Amino acid sequence: MSKKRWGNRFFASCVMLAIAALFFAGLFTGVGRETAHVPYIEFLQNFENGLVEQVTISDSATLRFSLTGDDTLFTTTNPRNPGLTEELLRGGVDVVEGSGASGIVQIGVSLAFFAAGIFVVSKIMGKHSPSREMAFCVREAQESGGISCTFADVAGNREAKESVQDLVDFIKNPKKYSRLGARIPRGIIFYGAPGTGKTLLAKAVAGEGGVPFFSVSGSDFVQMYVGVGAKRIRELFKSARAKGQAVIFIDEIDALGKKRQGAATGGSDERDQTLNALLTEMSGFSSSEGIIVIAATNRLDTLDEALLRPGRFDRHVEVALPDIGARRAILEYHAANKPLADDISLDALARKTVYFSGAMLENLLNEAAILAAKSSSELISYACVDQAFMTILAGAAKTDRSHIHEQERRITAYHEAGHALVSRLVSPETIVSKVSIIPSTKGAGGFCMNLPPEKMYYTKRDLEAQIKIALAGRASEEIIFGAENITTGASNDIEKATKICKDYIAKYAMGKAHGLLNLEVFDAKSQMIDECGELLERLYSETMDDIRGSLTKLHAMTDELLAREVLEQEDVERLAA
């Protein structure tokens, strides 16, 4: 036990003993003597009769006295008469001035409780003091020993891995580069969507280089105490330098590295000091030290420019969502320790999981394995994978559907059939993998699963087709049930269509009213509302025309949905042909 900790315990013990002693002293003051309170007039009568032997006078509301030949301790109201003491002394009474035993006890108990309160508050504040916060950070930032992760464990992300291959060589042979005057990037930023493998790739760099891996989060450096974050930064780099060679990984760096505004006030002072400390440390170490700083963020555009300039985080590596080949490699990696049934095709699953991140693909196979284990199956079947796929995207299917009225089922069926039909009409390359009218635990009454083709660019016609597909559910409801009976089920569809429409006009300058202006640069949201509304009205009208021209197919698809509740890709293609 440390001396400081032992001293705190000793002080606490002394305080508690003092309180106990004073408490019992108060209890036992006057033990063995009866006490009685009498009126002041009776006290004066006893005094005039010469019976009062001793009087204790204090500033309290009462005074105590004893009578000759009587062991009883009497109290009476204190008149607070300045001349009383002299009068009693003239009458031969023994006068004792002061607070008395009970007053001393009261004062002592009050002081003891005050000391105890100070002790408790100091202990609470000590837990949240800057020094304690700093110690916590140092412990959290300690190296992860024995990093065994390598590039072989990072499936997909081929371009990102190639971008950091030279870093591994630099970690192993820093003098090889410094001899030729080459300066390896001091910092690298991995940016991309959540779950794409930024942290895993950083670990792989450390694992390939065989160096310690210091991992912290950007939020660890943002605290209420000014100066704590900056001190943490210095301690982190000091710990890394002590190892000689190391990889420092700062996850979610946008928590401390956001763009600084003109005037710092209050809470932003700490953030600015922390960011300045990071910039100073990165400029301070030599390029031959063998220390690599890697940061990760989902929002590269929000970072301060000083972080991104050459000499700081001057290499930016995008860790993007995997393409079909990368998805196939990721699925194969995570399926290596899972017994898959013969009816599962990883190639087909890779085509089906458009826009899935690496983390989502791992979660997909893990959920499928859990479902197989629940059913006591020896193999993971396609049914388990398909159920896991739908659960991740739409939520688990509700088992009790007795409360759903038949009319609501018909509305849902026409709504989802409208999405599927228009998708086949305006975007034949889009795959409608599944249509369902089974309500889910995420609140959806049904869903239509569309898998758009993977492209580098989307044309104006592609964006308009996506808007029409999103509006098709509402258009189908209006055509079949009338404008007065449209439902709230299209709320998410309308939100999606509006977002696409906003990008169509503001970001991609595909509208007519504002020409080639990017309205987001001007933050001119109000100027494009009218044009967005006109575009949505035009595409909604065209969608209704498309549906009216294929009403027979819409009815056929709806009837089969009501009968089976779920339609697969082959069913949709057959009914929409």
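Me: What share of the contacts in the chain between residues at least 6 apart in sequence join residues at least 24 apart?
Reply: In this predicted model, 73% of those contacts join residues at least 24 apart, where a contact means heavy atoms within 4.5 Å. Residues are numbered from 1 along each chain as its sequence is written, and side-chain values use heavy atoms, with hydrogens and water left out. Since the model is predicted, local features need pLDDT of at least 70 and side-chain atom pairs count only at pLDDT 80 or more, while totals for chains, interfaces and linings use all residues.

Me: What makes the pair R328 and E332 a salt bridge?
Reply: A salt bridge is a side-chain nitrogen of Lys or Arg within 4 Å of a carboxyl oxygen of Asp or Glu. The closest N and O atoms of R328 and E332 are 3.3 Å apart, and the pair forms a salt bridge. The two are 4 residues apart in helix α14, so about one helical turn separates them. R328 is partly exposed at 26% relative accessibility, and E332 is partly exposed at 49%.

Me: Which residue forms a salt bridge with R538?
Reply: The partner is E464, with the closest N and O atoms 3.2 Å apart. This pair links distant parts of the chain, as R538 is in helix α22 (residues 529–548) and E464 is in helix α19 (residues 460–481), 74 residues apart. R538 counts as partly exposed because its relative accessibility is 36%, whereas E464, at 15%, counts as buried. A network of salt bridges links E464, K468, R538, E542 and D546, and the structure holds 22 salt bridges.

Me: How do you know that K161 has no salt bridge?
Reply: The nearest side chain of opposite charge, E208, is 8.5 Å away, and K161 is buried yet has no salt bridge; here Lys and Arg count as positive and Asp and Glu as negative, while His and the chain ends are not counted. K161 is in helix α6, residues 158–163.

How values were computed:
Buried means under 20% relative accessible area, exposed over 50%, partly exposed in between (1.4 Å probe, protein chains only).
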